[in-house]
Amino acid sequence: MRLGVLDVGSNTVHLLVVDAHPGACPLPAHSHKAELRLAQLLDDGAIGPHGVDRLVSVIKEALQAAEDKGVEEVLPFATSAVREARNADDVLERVRAETGVELQVLSGSEEARLTFLAARRWFGWSAGKLLVLDIGGGSLEVAYGIDEEPDAAASLPLGAGRLTAGWLPGDPPAPDDVRALRRHVRTEIARTVGEFSRLGTPDHVVATSKTFKQLARIAGAARSAEGLYVQRELKRESLEGWVPRLAAMTEQERSELPGVSEGRAGQLLAGALVAEAAMDLFGVERVEICPWALREGVILRRLDHMESA
């Protein structure tokens, strides 16, 4: 069947269309996305009228794209920006009333667990104990385990979009602001390290998300055009060298780096600070980039339910 996953994230609304059936690898058929940056449209903790109008409009466009591509079922979900909005219930009701879509709001733990499932299926059982790191627009997810369900999962309010909006107003940012954000990020991550370190050393460390992919690309990883199956990694040593360089750049200068989109360039420094802190505090020298993440995890969970039914 042809499935569509409608991901209302903190940065984008993304419709991913795949051809899938139980027991097979989901094959991407179409991608439709729109930059929304909900995490930066919050006004006093609520998504303002303009943000809601834009969200409704973008979801309607995505539904039309799904219809055009012959999608049988759309799996709609929302993450941290909607989850944490003070007016989340009102936003969800308006989306339902005007589009017919009932967004499932995932908890941070659910995000981490579904992303872990996707990484486990991608790398397989031979990867052993997995540690998975995912930096989104609104939150950082961490999960660890040896099965398809992680033994530990955490979600921290350390998304690249959220941190950029709240901590880095300058372009380029002031050095004092960068240092303050670095301290904040490391303090938040350090609170969770013990929960994971007691479970032992992972056999394989995996990173997902656009932020990690872009950081790996500027550090020398293969271009996306070379395909999903090319191994890509990010070394902590390389990342530590790039952080001060990114801090000294303007948003425009970052957008000219290989693999960095104009829409994400402003968030790249905050994402790099989170990635560097996570790798350092968890004692990770390198991460392998996983092409699958939350959207694929949602698809895989749906296929599992279909198979069991």
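Predicted model: local features only at pLDDT ≥ 70, side-chain atom pairs only at ≥ 80, totals over all residues.

Colleague: How many bridges join strand β1 to strand β6?

Modeller: Strands of a sheet pair through backbone hydrogen bonds, either parallel or antiparallel. Here β1 (residues 2–8) and β6 (residues 73–78) run parallel and are joined by six bridges. Strands are DSSP runs of E with at least two residues, and helices are runs of H or I with at least four, numbered from the N terminus; two strands pair if DSSP finds at least two bridges between them. The bridge partner of D7 in β6 is F77, and F77 also stands opposite Q104 in β7. Strand β7 (residues 104–105) pairs with β6 over two bridges, in the parallel sense.

Colleague: In what order do the six strands of the open sheet lie?

Modeller: The order is β10-β9-β8-β11-β13-β12, with mixed pairing. Its edge strands, β10 (152–156) and β12 (233–235), each pair on one side only. Strand β9 (residues 140–145) runs antiparallel to β10, with five bridges between them; E141 has S155 in β10 as its bridge partner.

Colleague: Which strands does helix α6 touch?

Modeller: Helix α6 (residues 175–197) packs on the sheet against β8, β9 and β10, and its direction makes about 175° with that of β10. Such angles run from 0 to 180 degrees between N-to-C directions, the axes being lines fitted to C-alpha atoms, for helices over the stretch in contact. Helix α10 (residues 268–281) lies across β8, β9, β12 and β13 (286–289), at about 160° to β8.

Colleague: Is I135 buried or exposed?

Modeller: Buried means under 20% relative accessible area, exposed over 50%, and partly exposed in between, with a 1.4 Å probe and protein chains only. I135 has 3% relative accessibility and therefore counts as buried. This residue lies in strand β8 (residues 130–135).

Colleague: What share of the chain's 309 residues counts as buried?

Modeller: The share is 53% of the 309 residues. The secondary structure of the chain comes to 11 helices and 13 strands.

Definitions and conventions
Residues numbered from 1 in each chain as written. Heavy atoms only, no water. Contact = heavy atoms within 4.5 Å.
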